[in-house]
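Subject: A structure for you to look at

Hello,

Here is the structure I promised to pass on to you. Have a look at it first, and then read my notes below with the view open beside you.

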Amino acid sequence: MTAPAIAQPAARRKEGFSAFEMFVFALVVALLAIAVFGPFFAPDSIYSSDIANSLMPPSAANWFGTDDQGRDVFWRLIVGAQTTLLSAFLVVTLYSLIGVTIATVAAAGPRWLDEGLMRITDIGLALPGMIVALGFAAAMGASLRSAVIAMAITGWPITARMLRGIMRQTMEQPFVAGAQVLGVSKWRLMTKHVLPNSLDVLIVKWAGDIGTTVLVLASLSFIGVGAQPPSAEWGATIASARGYVSTAWWTVVAPGAAVAITSIAFGLLGDIIQVRRDPSLRGN
Amino acid sequence: MLAFRAYSWFLSRRLGLALLTLWGLASLVFLMIKLMPGDEAQMAAGADASAAQIEAVRERLGLDAPVIMQYFSFLGRLLRGDLGTSIVTLQPVLADLEKVLPSTLELVFIAMLLNLAVAIPAGIVAAYRQGGVFDATSRVTAVMLGGMPAFWLALVLQYVLGSVWRVVPISGQQSYGMASPIVTGAPTLDALMALNVGAFFDALHHIILPAAVLAALFATQIFRTLRASLLGVLRSDFIMAVRAKGATARHMLVRHALPNSLNPVLTLSGTQAGAMIGSAVLVETVFARQGIGAYMFNAVAQKDAFAVLGSVMFIGTVVCLVNLIVDILQLLVDPRIRAAQLGSQGQ
């Protein structure tokens with residue numbers, strides 16, 4: 001038996017997850033589980049008023065107390081989790097689809113079309129997104145549906161800009177030239193070869209986007225152009241509890257903490273995914 | 001001569017982009033008006049307008065013309081400064097907004113000062129003592145603050161600092177009887193111009209918490225950006241050379257590392273100045289301050305659609321102009337941006 005002349009590199013060690021990363025994963029999974037299954041367990045009384053029981057402090061019966069209508073704050077948060085997260089997922093999915101479409105057309109299309117679409121993207125990036133979304137939501141009639149549509153039609157520029165850049169890079173790669181030589185049609189080339197090899201950027205962006213979307217959605221509802229009372233959506237809940245902060249702080253603190261925890265959890269998940277994809281960012 | 005041509009090239013390009021953005025904004029607002037359910041003339045005239053009044057509005061806005069003509073007359077009205085009429089105040093929206101703009105600009109200005117005054121030192125210390133206790137705590141704080149809804153932070157701090165501890169006033173722009181004659185419309189500035197020191201500190205006392213909340217929203221970004229940028233610079237060779245020649249840590253940081261890492265911070269704070277104006281809508285109303293954000297918030301509550309859309313147009317325009325000014329200032333301040341912008345395009 002002779003030892004190999006060249007030392008074999010040790011098999012690349014699989015990196016485990018740190019305790020902090022596990023905590024963030026658990027938090028996100030818990031939030032998703034609450035949003036999906038929680039509302040099934042909620043009592044029917046969360047939409048009906050019980051004035052005799054209004055503004056009760058936290059107790060064994062009402063863990064987070066009751067609001068001005070005597071409704072249980074805890075169970076309204078649970079039901080609101082579904083509304084909030086479902087809306088946020090819808091918004092991010094919709095604007096990602098718009099962004100992907102615009103990026104693909106810009107990357108594949110002739111120069112003038114690319115220029116035109118990217119100038120439109122510039123305009124979108126230069127405008128204050130939340131204010132324009134507010135305008136659209138107000139114009140369509142204040143409702144959760146309007147807010148979701150408004151955020152979808154104002155949220156796409158960053159995705160479109162990033163993805164178009166990546167797609168242009170992908171198109172320079174040899175395998176794309178190879179496919180072209182083999183006579184693959186432009187449409188097929190873009191959708192089957194270039195796009196799937198450029199989508200990484202969306203996967204990395206996705207979790208962080210949910211975090212910011214939750215915040216903006218709550219803001220729009222607070223301003224009054226999103227979900228309307230008696231919806232249990234968190235921003236709308238804060239808006240209707242606003243006047244009771246000095247007499248019953250739990251009615252305001254609980255839904256705000258829910259927004260903060262959700263937004264922070266998804267934001268951290270986004271950071272973790274990003275560092276895993278690009279370890280040079282570690283420590284920053 | 002070459003430099004002059006390079007500058008004018010940059011300026012015309014940047015102005016062109018600003019005009020394009022404003023045109024895009026105007027088109028979006030027109031689209032919003034067309035998306036409104038119901039009769040536009042009815043909406044513009046108000047809920048209790050008579051049939052004759054509605055017809056007069058329809059006539060004035062040219063709503064019987066084809067949509068494309070309506071679009072051009074809409075753009076024409078915007079160019080003349082007509083943002084529509086509020087059905088609540090019965091005033092032109094532009095006149096309403098002009099009155100409260102200085103108050104918002106003052107809030108944003110002070111918030112920006114607080115933002116930089118806290119985030120820059122924190123970023124420097126965190127980067128210099130990377131991995132230390134301060135670094136860890138300030139990073140955790142930044143993550144927490146970054147995820148909090150601004151209006152909620154405002155409500156909670158207002159309750160704790162204003163109602164429970166009573167260290168700041170709960171709301172308003174000045175105490176009763178402390179109002180100075182209105183010259184600019186910005187309370188602290190008016191107090192200064194009236195040479196009224198008491199009123200000045202009173203106005204400052206009222207603005208500190210709203211400005212701090214607005215600053216907290218944006219300080220996390222500045223902190224993260226400066227920390228990352230400074231960490232990069234501190235690892236570079238020339239810093240090692242500076243240390244090797246025997247420079248003190250302070251000299252190295254202040255004279256060498258910091259000037260080389262402030263560039264991204266400068267760019268970011270420029271973008272933030274515009275974004276802060278938009279975020280004022282979340283803060284002003286909680287503290288019962290006047291301003292374009294509070295005006296818009298009230299317009300939403302009163303279903304004053306044209307005032308809302310007029311505010312969107314106005315705020316968008318202010319943001320574009322602020323961004324334009326910041327870009328030009330940056331060009332004048334930072335030689336590297338000057339080289340990048342002028343060198344590549346200015347032959």
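How many residues of chain B are in contact with how many residues of chain A? Please keep in mind that this is a predicted model. In it, 43 residues of chain B are in contact with 39 residues of chain A. On the side of chain B that touches chain A, the elements giving two or more residues include α1 (2–35), α9 (197–234) and α14 (305–333) of chain B. The biggest share comes from α1(B), which gives 10 residues, the most to that side.

Next, the records. The UniProt annotation "domain: ABC transmembrane type-1", from an unreviewed entry, covers residues 81–270 of chain A. That span is 80% helix and 0% strand, and its end C-alpha atoms lie 19 Å apart. In chain B, the UniProt annotation "domain: ABC transmembrane type-1", again from an unreviewed entry, covers residues 101–330. Here the span is 79% helix and 0% strand, with 24 Å between the end C-alpha atoms.

Now for a pair of helices in chain A. Helix α3 (residues 111–126) and helix α6 (residues 157–171) of chain A pack at an angle of about 135 degrees, and their axes are 9 Å apart. That angle is why α3(A) counts as oblique to α6(A). The crossing in which α3(A) passes α6(A) is left-handed. On the α3(A) side, the contact is made by T121(A), G124(A) and L125(A), while α6(A) brings P157(A), I158(A), A160(A) and R161(A). Sorted by type, the residues of this contact of α3(A) with α6(A) are 4 nonpolar, 2 polar and 1 charged.

You will find L217(A) in helix α9 (residues 200–223) of chain A. Is L217(A) buried or exposed? L217(A) has 29 other C-beta atoms within 10 Å, so it is buried. Leaving out residues up to four places away in sequence, L217(A) touches T84(A), S87(A), A88(A), A147(A), M151(A), G226(A) and G235(A). For a sense of scale, L217(A) and R242(A) are 25 residues apart in sequence, and their C-alpha atoms are 17 Å apart in space.

Finally, some backbone details. Most residues other than glycine have a negative phi, and most peptide bonds are trans. With that in mind, look at the cis peptide bond that joins P229(A) and P230(A), where omega is about 5 degrees. P230(A) is found in the loop between α9 and α10 (234–241) of chain A.

Chain B has two residues to check for phi. L90(B) is not a glycine, yet its phi is positive, near 60 degrees. This residue, L90(B), lies in the loop between α4 (67–79) and α5 (93–128) of chain B. L90(B) is exposed, because it has 9 other C-beta atoms within 10 Å. K303(B), also not a glycine, has a positive phi of about 55 degrees. K303(B) lies in the loop between α13 and α14 of chain B. With 16 other C-beta atoms within 10 Å, K303(B) is partly exposed.

Enjoy exploring!

Best wishes

Key:
Residues numbered from 1 in each chain as written. Chains lettered and ligands numbered in written order. Predicted model: local features only at pLDDT ≥ 70, side-chain atom pairs only at ≥ 80, totals over all residues. Helix = DSSP H or I, 4+ residues; strand = E, 2+ residues; numbered from the N terminus. Buried ≥ 20, exposed ≤ 12 C-beta atoms within 10 Å, placed from the backbone. Contact = placed C-beta atoms within 7 Å. Axes fitted to C-alpha atoms, helices over the stretch in contact; angles between N-to-C directions. Parallel < 35°, antiparallel > 145°, perpendicular 65-115°, else oblique. Left-handed = near helix turned anticlockwise from the far one by under 90°. Nonpolar A, V, L, I, M, F, W, Y, C, P; charged D, E, K, R; others polar. UniProt positions renumbered as here; feature names shortened; annotations may be inferred.
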